[in-house]
Amino acid sequence: QVQLVESGGGLVQAGGSLRLSCAAAGRTFYTYTMAWFRQAPGREREFAAGINRLGSSTYYADSVKGRFTISRDNAKNTVYLQMNSLKPEDTAVYYCASRRNDYVSQRGTDYTYWGQGTQVTVSS
């Protein structure tokens, strides 16, 4: 079992930046594909970004492409989401998720383990 703990959320003005972190417990972090999803109030959860096991491939939703960057440090068992040029529509609870398969899926149901989420609020 993998335990995921997100941190780094908060309140920021539009145009600002935040860096989310997701720390994983266990020695097999490098065997998991990682992703960030988000869920805004009244909306369905949506894929934001994903990264494969070695960090050689990354994928982004069109809504965040060019503004968000996902990365991972397998030595630290941590995946990051750098969010720049934030907009009010980025306001959501952000979740990290993991799956064993070395393929970044944009479907939440393909991920096995989830963190508890961290709130990101962008004011206009």
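In which sense do S3 and S8 pair, and over how many bridges? The two strands pair in the antiparallel sense over six bridges, where strands are DSSP runs (E, at least two residues) numbered from the N terminus, and pairing requires that DSSP finds at least two bridges between two strands. This is a predicted model, in which local features need pLDDT of at least 70 and side-chain atom pairs count only at pLDDT 80 or more, while totals for chains, interfaces and linings use all residues. Residues are numbered from 1 along each chain as its sequence is written, and side-chain values use heavy atoms, with hydrogens and water left out.

**Sheet**

- S3 and S8 belong to an open sheet of four strands, ordered S1-S3-S8-S7, in which the pairing is antiparallel.
- The edges of this sheet are strand S1 (4-7) and S7, each of which pairs on one side only.
- From one strand to the next the twist averages 15°, with axes taken as lines fitted to C-alpha atoms and angles running from 0 to 180 degrees between N-to-C directions.

**Ser21**

- Ser21 lies in strand S3, and its bridge partner in S8 is Tyr80.
- Ser21 counts as buried at 18% relative accessibility, since buried means under 20% relative accessible area, exposed over 50% and partly exposed in between (1.4 Å probe, protein chains only).
- Not counting residues up to four places away in sequence, Ser21 touches Val5, Glu6, Ser7, Trp36, Thr78, Val79 and Tyr80, a contact being heavy atoms within 4.5 Å.

**Disulfide**

- A search of the whole structure finds one disulfide, defined as a pair of cysteine sulfur atoms within 2.5 Å.
- The link of Cys22 and Cys96 is right-handed, with 45° about the S-S bond.
- Cys22 is buried, with a relative accessible area of 0%, and Cys96 likewise counts as buried at 0% relative accessibility.

**Nonpolar core**

- The largest nonpolar core has 35 residues, and those with the most contacts inside it are Met34, Trp36, Ile70, Val79, Leu81, Met83 and Tyr94; such a core is a set of buried Ala, Val, Leu, Ile, Met, Phe, Trp, Tyr and Cys residues joined through side-chain atoms within 4.5 Å.
- Among the strands that each supply at least two residues of this core are S3 (18-24), S8 (78-83) and S9 (92-99).
- Leaving aside neighbours within four places in sequence, Leu81 is in contact with residues including Leu18, Leu20, Trp36, Phe68, Ile70 and Tyr94.
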